[in-house]
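Let's take a walk through this model together.

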Amino acid sequence: MQYVSTRDAAPVLGFADVVLEGLATDGGLYVPHSWPTLNKNRPRVYAELASTVMQPFVEPDFNAETLLSLCQQAYATFGVPQVVPIVEIEPNHFLLELFHGPTLAFKDVALSLLGLFFDDILTSRGERITIVAATSGDTGSAAIDGVSKCKNVDMVILYPNGRVSDVQRRQMTTVQAPNVHAIAIDGTFDDCQDLVKAMFNDTVFRNTYRLAAVNSINWARVMAQIVYYVSASDHFARPIDVTVPTGNFGNVLSGWIAKQIGAPLRHLVVASNSNDILTRFFENQTMTVAGVTPSLSPSMDIQVSSNFERLLFEMNGRNGQATAQQLQIFRETGTFAVKPEQHAQWIVPNFRAGRCNDAQTLATIGDIYATTGTLIDPHTAVGVHVARQHMNPDVPMVTLATAHPAKFPDAVEQATGIRPDLPEHLTDLFDRPERTQLLPLDLLAVQKFVASVAH
Ligand SMILES: *Cc1c(COP(=O)(O)O)cnc(C)c1O
């Protein structure tokens with residue numbers, strides 16, 4: 001499989017290079033040169049299904065045997081044998097529980113595997129990389145868990161000081177692996193992200209320390225997420241609708257790819273919190289930047305949905321130059337629109353959308369607890385609220401449960417009066433020693449730190 005950039009001005013690469021590269025050199029995102037077709041003979045065991053679904057995307061860099069072994073290792077770390085179980089919450093409405101991984105959010109599904117891909121590729125090439133990433137909480141902990149065992153990786157994670165939850169911070173700062181460094185920055189998440197971007201844009205620095213990315217634009221993350229959409233549709237053995245609480249459009253893009261390669265998915269329902277740039281786009285075909293308001297579902301508090309670029313490339317008939325131009329206009333003016341015929345061809349048959357504010361989030365957590373006894377986290381609640389607006393009696397609705405309720409205990413307690421317990425492997429999280437460092441919001445200071453820990 002070869003990969004091309006959505007902006008058409010970067011080298012064509014194979015899978016292993018795309019994983020290490022992250023962002024293409026023209027600023028675009030890598031996508032497969034063409035879409036494969038889903039294998040008709042699909043195993044039920046999750047790790048086996050994962051390797052069957054992903055095989056065409058990783059050839060020839062990973063053979064079937066190696067890929068299966070990596071999938072088995074990655075998903076053995078999940079707390080339940082089904083890996084991503086399905087539970088019914090009301091008639092015809094199901095949750096796909098994606099939070100049974102080591103750090104309790106769906107990002108584990110992809111990041112546990114990404115760490116193994118890095119290790120395998122770097123070991124065989126005799127190379128070393130430095131991962132730098134910004135996090136608002138969930139990406140950092142999942143990346144640290146997934147990558148801390150890699151022998152050939154140093155990792156620096158920047159998080160906004162005082163602006164991640166205690167559970168999220170401790171999941172990052174209590175890991176004692178010497179190659180991992182969680183750093184508090186005296187600033188916001190956007191400030192942390194700007195520092196990371198600045199380090200990547202400093203070509204000499206980027207090349208000297210061989211910087212690599214683990215954020216949601218990394219193709220391997222999008223690819224690993226395709227699998228659970230296939231798994232859910234295989235469970236019902238007939239077309240389903242899936243509601244996805246989303247911010248960066250990463251998770252729902254994986255659903256669109258699952259449909260594109262042949263999984264029987266009818267509608268993908270995009271669920272936003274009050275930061276609803278995506279829902280506004282699906283309503284009026286215009287993407288327009290607005291400010292970010294903090295919400296009870298912080299992992300979806302985003303200003304721009306970076307993975308949307310991959311769908312836009314497709315909507316433009318895979319014309320990278322047109323896509324680059326459109327995004328240039330977006331950067332300059334804060335807005336762009338798609339044509340009615342693009343909307344009719346790509347959006348109408350595939351997507352629905354809706355939004356959920358904080359009051360509705362709390363009401364949904366309370367209501368699901370009252371009727372089923374199940375606690376759901378605020379991100380999942382956004383999905384459940386929006387899914388209920390799009391139910392069809394003849395089509396099962398599956399809402400993606402993206403985090404464990406104990407990861408966001410304050411909102412859950414506010415809604416139900418009950419503080420959810422951490423799962424067993426994390427019960428001593430608040431007794432473990434923390435290791436962190438506070439750095440000023442200063443590029444040179446952060447670069448100096450990265451240089452001091454990179455091997
Ligand atoms: C990251 C995250 C999301 C949003 O994922 P996208 O890839 O931006 O769609 C939703 N819920 C939780 C719990 C997350 O951690």
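The ligand has 15 residues around it, and the closest are K107, D138, T246, N248 and T402; a residue counts as near a molecule or strand if one of its heavy atoms lies within 4 Å of it. Before we go on, please keep in mind that this is a predicted model, in which local features need pLDDT of at least 70 and side-chain atom pairs count only at pLDDT 80 or more, while totals for chains, interfaces and linings use all residues. Residues are numbered from 1 along each chain as its sequence is written, and side-chain values use heavy atoms, with hydrogens and water left out.

What sort of residues make up the shell around the ligand? They divide into 5 nonpolar, 8 polar and 2 charged, where Ala, Val, Leu, Ile, Met, Phe, Trp, Tyr, Cys and Pro count as nonpolar, Asp, Glu, Lys and Arg as charged, and the others, Gly among them, as polar.

Now look at some individual atoms. K107 places a polar side-chain atom 2.5 Å from an oxygen atom of the ligand, and T402 has a polar side-chain atom 2.9 Å from a ligand nitrogen atom. The backbone takes part as well: a polar backbone atom of N251 is 3.4 Å from an oxygen atom of the ligand. On its own the ligand has 390 Å² of accessible area, and the protein covers 97% of that (Shrake-Rupley method, 1.4 Å probe).

Next come the sheets. Strands of a sheet pair through backbone hydrogen bonds, in either a parallel or an antiparallel way. Here strands are DSSP E runs of at least two residues and helices are H or I runs of at least four, both numbered from the N terminus; two strands pair if DSSP finds at least two bridges between them.

Strand 1 (residues 2-5) is joined to strand 2 by 2 bridges, and Q2 stands opposite G14.

Methods. Polar contact = N/O pair within 3.5 Å; in protein donor to acceptor, adjacent residues only side chain to side chain.
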